[in-house]
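Subject: Model handover, with notes

Hi,

Here is the model I promised to pass on.

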Amino acid sequence: MTTLDDSELVFDKDGVRLTVEDAVATVTLTNPAKRNAQSPALWRALTEAGRSLPGSVRVVVLRGEGKSFSAGLDRQAFTPEGFDGEPSFLDLARGSDEDLDAVIAEYQEAFTWWRRSDLVSIAAVQGHAIGAGFQLALACDLRVVAEDVQFAMRETSLGLVPDLTGTHPLVSLVGYARALEICATGRFVHAEEAERIGLANLAVPADDLDAAVRDLSAALIAAPRDAVTETKALLQGVSGRSYEEQRTAERAAQARRLRDLAGLGD
């Protein structure tokens with residue numbers, strides 16, 4: 001493996017670069033000339049990034065090179081030719097329901113691993129985060145945005161629906177009514193509103209974005225890993241539990257932590 005600055009380069013292909021420095025991995029979208037537009041090859045590379053993380057990694061930062069985080073799906077997907085070596089979306093639409101479901105499920109894998117309980121993922125978002133780009137930012141646990149950020153869910157304007165796992169986190173973050181309005185209108189959500197409604201954890205000047213993400217990463221790593229992992233799992237389970245069930249889950253998690261701290265764990 002080669003090095004990139006002080007980081008170890010794990011791989012760099014299909015518009016995705018994965019580097020690791022100690023407990024922090026950085027996944028970078030590397031096609032700024034196309035505003036980091038997404039394709040099936042990029043989604044496979046993102047899935048591979050998740051599978052390639054060393055066990056030492058605790059925080060994963062997702063960023064995009066250039067002026068835009070990701071302008072969404074590459075429109076070439078909707079042409080009859082599609083991408084080289086890939087079936088076009090028009091060809092996929094002619095297939096069986098089962099085949100189409102399997103293909104979309106494969107695409108979704110690029111968006112699912114960011115919420116693993118043993119990791120905390122941070123999207124560093126500047127410029128455009130449109131459609132699939134918006135959903136990729138939503139795939140992460142946390143979002144730090146530059147003041148020039150422009151979120152938009154444009155799928156409905158194309159006659160489609162958001163299908164890359166973005167609907168669940170969007171509703172969880174901003175509520176059903178606001179999520180419906182954002183998706184159905186396709187309008188832009190800018191930095192001030194994103195921070196105010198809980199879509200962004202922090203909004204900063206563009207020049208401060210990298211530093212803000214580094215500071216947040218350091219703060220997350222400062223706490224013991226097992227405590228953060230248990231806490232994340234507790235919080236992720238809230239929506240599926242009653243108040244009493246959550247109390248029970250808290251007690252069980254705390255018992256595990258106390259036993260581990262006392263050296264009595266399995």
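This is a predicted model: local features need pLDDT of at least 70, side-chain atom pairs count only at pLDDT 80 or more; totals for chains, interfaces and linings use all residues.

Residues are numbered from 1 along each chain as its sequence is written, and side-chain values use heavy atoms, with hydrogens and water left out.

**Helices**

Helices (H or I, at least four residues) and strands (E, at least two) are DSSP runs, numbered from the N terminus. Let's start with H9 (residues 225-236) and H10 (residues 243-261), which pack at an angle of about 170° with their axes 10 Å apart. That makes the two roughly antiparallel. For the geometry, axes are lines fitted to C-alpha atoms, for helices over the stretch in contact, and angles run from 0 to 180 degrees between N-to-C directions. Angles under 35 degrees count as roughly parallel, over 145 as roughly antiparallel, 65 to 115 as roughly perpendicular and the rest as oblique.

On the H9 side, Asp226, Ala227, Glu230 and Leu234 meet Gln246, Ala249, Glu250, Ala253, Arg256 and Arg257 of H10, where contact means heavy atoms within 4.5 Å. Four of the residues in this contact are nonpolar, one is polar and five are charged. The classes are Ala, Val, Leu, Ile, Met, Phe, Trp, Tyr, Cys and Pro as nonpolar, Asp, Glu, Lys and Arg as charged, and the others, Gly among them, as polar.

H9 itself has twelve residues and reaches 16 Å from its first C-alpha to its last, close to the expected 16 Å at 1.5 Å a residue; the expected span is 1.5 Å times one less than the number of residues. Thr229, Glu230, Lys232 and Leu234 are buried in H9, and the buried residues of this helix pack against strand E6 (120-125) as well as H10. Here buried means under 20% relative accessible area, exposed over 50%, and partly exposed in between (1.4 Å probe, protein chains only).

Helix H3 (residues 97-112) has 16 residues, and its 22 Å from first C-alpha to last is close to the 22 Å expected at 1.5 Å a residue. Its buried residues are Val103, Tyr107, Ala110 and Phe111. The buried residues of H3 pack against H1, H2 and helix H4 (132-139).

**Salt bridges**

With a salt bridge taken as a side-chain nitrogen of Lys or Arg within 4 Å of a carboxyl oxygen of Asp or Glu, the count comes to 17.

- Lys13 and Glu48 form a salt bridge, with the closest N and O atoms 2.7 Å apart. Lys13 lies in strand E2 (residues 7-13) and Glu48 in helix H1 (residues 40-51), so this pair ties together parts 35 residues apart in sequence. Lys13 is partly exposed at 35%, and Glu48 is partly exposed at 28%.
- Asp74 and Lys34 meet in a salt bridge at 2.6 Å, N to O. Asp74 is in the loop between strand E5 (59-64) and helix H2 (89-93), and Lys34 in the loop between strand E4 (24-29) and H1, so the pair links parts 40 residues apart in sequence. Asp74 is buried at 11%, while Lys34 is partly exposed at 40%.
- Asp260 and Arg257 meet in a salt bridge at 3.0 Å, N to O. Being three residues apart in H10, they are separated by about one helical turn. Asp260 is partly exposed at 38%, whereas Arg257 is buried at 12%.

There is also a network: salt bridges with shared partners join Arg178, Glu181, Arg187 and Glu193.

**A buried strand residue**

Ala146 lies in strand E8 (residues 142-146) and is buried, with a relative accessible area of 0%. Leaving aside neighbours within four places in sequence, Ala146 is in contact with Val125, Gln126, Ala191, Val204, Ala206 and Leu209.

**Backbone angles**

Most residues other than glycine have a negative phi. Asp14, which is not a glycine, has a positive phi near 55°. Asp14 sits in the loop between E2 and strand E3 (16-21) and is partly exposed at 48%. Arg35 likewise has a positive phi, of about 55°, although it is not a glycine. Arg35 is in the loop between E4 and H1 and is partly exposed at 41%.

Cheers
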